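Time to jot down what I look up.

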Amino acid sequence: MAKARASFVCQSCGALAQRWQGRCESCGEWNTMTEEAASSGIAARAVAGAGKGRVFPLESLQGASREAPRIHSGIGELDRVTGGGFVPGSVLLIGGEPGIGKSTLLIQACARLAMLGRRVVYISGEEAVAQVRLRAARLGLSDAPVELAAETSVEDIVATLRKGECPALVVIDSIQTMWTDAAEASPGTVTQVRSSAQALIRYAKTSGACVIMVGHVTKDGQIAGPRVVEHMVDAVVSFEGEGGRQFRILRAVKNRFGPTDEIGVFEMTGLGLSEVANPSALFLAGRDASAPGAAVLAGMEGTRPVLVEVQALVAPTSLGTPRRAVVGWDPARLSMVLAVLEAHGGLRLGQHDVYLNVAGGLRIDEPAADLAAAAALVSSLTGAPLPADGVYFGEIALSGAVRPVSHAGHRLKEAAKLGFQSAVGPPGALEGQEKLSMALKPCGHISALVADIAASGPRRERAPARGQSPAHA
Ligand code: TYD
Ligand code: MG
């Protein structure tokens with residue numbers, strides 16, 4: 001066996017280096033290299049055992065699959081994100097910024113499940129038992145028979161869990177506080193986190209319990225340190241929210257047992273997290289529909305239609321290089337829409353700062369948002385408010401054409417349900433939707449959208465003195 005030799009491990013991505021470096025060559029992070037013993041952890045033991053393996057039978061893809069019944073948490077939004085409930089023997093990592101409500105959500109899920117008569121164990125490495133109790137009391141969950149402990153040693157935890165009936169659910173809050181004897185590195189390092197996670201994953205697979213690990217994320221949204229843990233676990237969900245806002249979004253990032261495009265929406269109340277059954281109403285609450293620069297997107301999050309307001313502010317710049325800032329959407333996508341509006345919509349935006357915001361702290365990934373963003377931008381530039389009861393959806397091609405997107409029927413139905421009267425979308429997608437009591441306005445090209453919005457603007461808003469009428473090339 002090789003002599004144990006010190007090496008340096010990046011605490012952000014887990015890359016190894018022989019000597020200390022100020023910047024990790026692999027992920028580019030600064031000051032993340034920490035000295036750890038090289039022959040620690042599982043890898044060294046695997047090498048030591050090479051050549052003495054046990055022969056195991058190989059199986060075919062066919063054959064009786066043991067489809068395990070899912071464990072429903074009793075929290076609908078959580079079950080939606082996990083793809084229909086927790087899978088026995090699986091490991092789920094839940095990431096989120098400190099204070100976002102991970103512990104609250106998990107203690108609520110634990111209590112629900114325990115009330116249904118399942119064995120549930122909650123291990124806190126961060127808070128004392130009294131603190132967890134206090135939170136449960138505030139949430140009115142003190143009566144739930146959840147088994148609690150404040151522990152950080154993985155060996156002790158696994159030994160305790162193996163005693164007695166196998167738990168249905170085990171919560172480890174958080175993985176960063178866990179440490180194991182199998183690794184020589186100091187607690188909190190990547191090696192420790194990885195080895196602890198490995199031990200807990202092995203426990204889940206062999207026992208059939210579902211293990212949920214909490215992971216903290218850094219400022220830029222990465223699950224801190226153990227990004228290596230992300231590909232070891234079966235599912236990764238992230239818990240997001242915006243400072244000062246009461247609602248939280250649970251989003252599947254990876255899921256071996258279900259789709260990854262579902263979101264769950266919660267609201268933080270004095271009584272913990274409550275489910276939001278109709279997210280569209282929440283995202284649209286308190287909007288000022290008469291102001292220019294706001295368009296409602298008929299979007300989709302997984303299988304669920306979600307209406308959300310896209311806000312734009314286009315203002316003359318005082319800088320040499322105009323500013324482009326975007327919250328909740330892809331900046332590259334904004335640049336593309338701006339370029340198409342200039343090239344095919346006849347707008348000149350080179351002398352304007354552009355700000356785009358997706359209201360309510362939602363993050364949109366789908367290309368269907370292009371048309372809503374374009375409508376908001378044109379509306380802000382021209383000062384012409386968009387119809388308060390209209391929705392927009394459609395992908396914009398580089399040629400300026402508006403391309404069809406999926407689930408047009410779902411989007412329109414949701415809009416109609418919430419009282420919207422008109423929809424602007426790709427011509428193909430609007431066909432066959434006439435039965436909805438909405439005015440359908442097909443828009444095949446970006447130039448038609450620009451002309452339409454400019455023509456509808458109130459005259460005083462478009463007076464030349466304001467210098468905001470669209471500058472046609
Ligand atoms: P917590 O679950 O401790 O966050 P995390 O585990 O992700 O760090 O949530 C703490 C925050 O939630 C705290 O700022 C207070 C707030 N909160 C409520 O608003 N209502 C409640 O009922 C509870 C329990 C917490
Ligand atoms: Mg916590």
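My entries below go from the whole chain to single residues.

**Ground rules.** I'm working with a predicted model, where local features need pLDDT of at least 70, side-chain atom pairs count only at pLDDT 80 or more, and totals for chains, interfaces and linings use all residues. Residues are numbered from 1 along each chain as its sequence is written, chains are lettered from A and ligands numbered from 1 in the order in which they are written, and side-chain values use heavy atoms, with hydrogens and water left out.

**Whole chain.** I found 13 helices and 21 strands in the protein chain; these are DSSP runs numbered from the N terminus, helices being H or I with at least four residues and strands E with at least two. Of the 473 residues, 51% are buried. Buried means under 20% relative accessible area, exposed over 50%, and partly exposed in between (1.4 Å probe, protein chains only).

**Salt bridges.** I looked up the total and got 16 salt bridges, each one a side-chain nitrogen of Lys or Arg within 4 Å of a carboxyl oxygen of Asp or Glu.

Arg-80 pairs with Glu-262, and their closest N and O atoms are 3.6 Å apart. Arg-80 sits in helix H2 (residues 76–82) and Glu-262 in the loop between strands S10 (247–255) and S11 (263–269), so this pair ties together parts 182 residues apart in sequence. I noted Arg-80 as partly exposed at 28%, while Glu-262 is buried at 6%.

Next I checked Glu-366 and Arg-411, whose closest N and O atoms are 3.1 Å apart. Glu-366 is in the loop between strand S16 (352–358) and helix H10 (369–382) and Arg-411 is in helix H11, so the bridge joins parts 45 residues apart in sequence. Glu-366 is buried at 16% relative accessible area, and Arg-411 is buried at 1%.

**Around H11.** Helix H11 covers residues 408–417, and its buried residues include Ala-408, Gly-409 and Leu-412. Just after H11, I saw that Gly-419 takes a positive phi of about 90°.

**One residue in H3.** Is Gln-108 buried or exposed? Gln-108 is buried, at 11% relative accessibility. I placed Gln-108 in helix H3 (residues 102–115). Leaving out residues up to four places away in sequence, Gln-108 touches Ile-75, Leu-139, Leu-141, Leu-271, Gly-272 and Leu-273; contact means heavy atoms within 4.5 Å.
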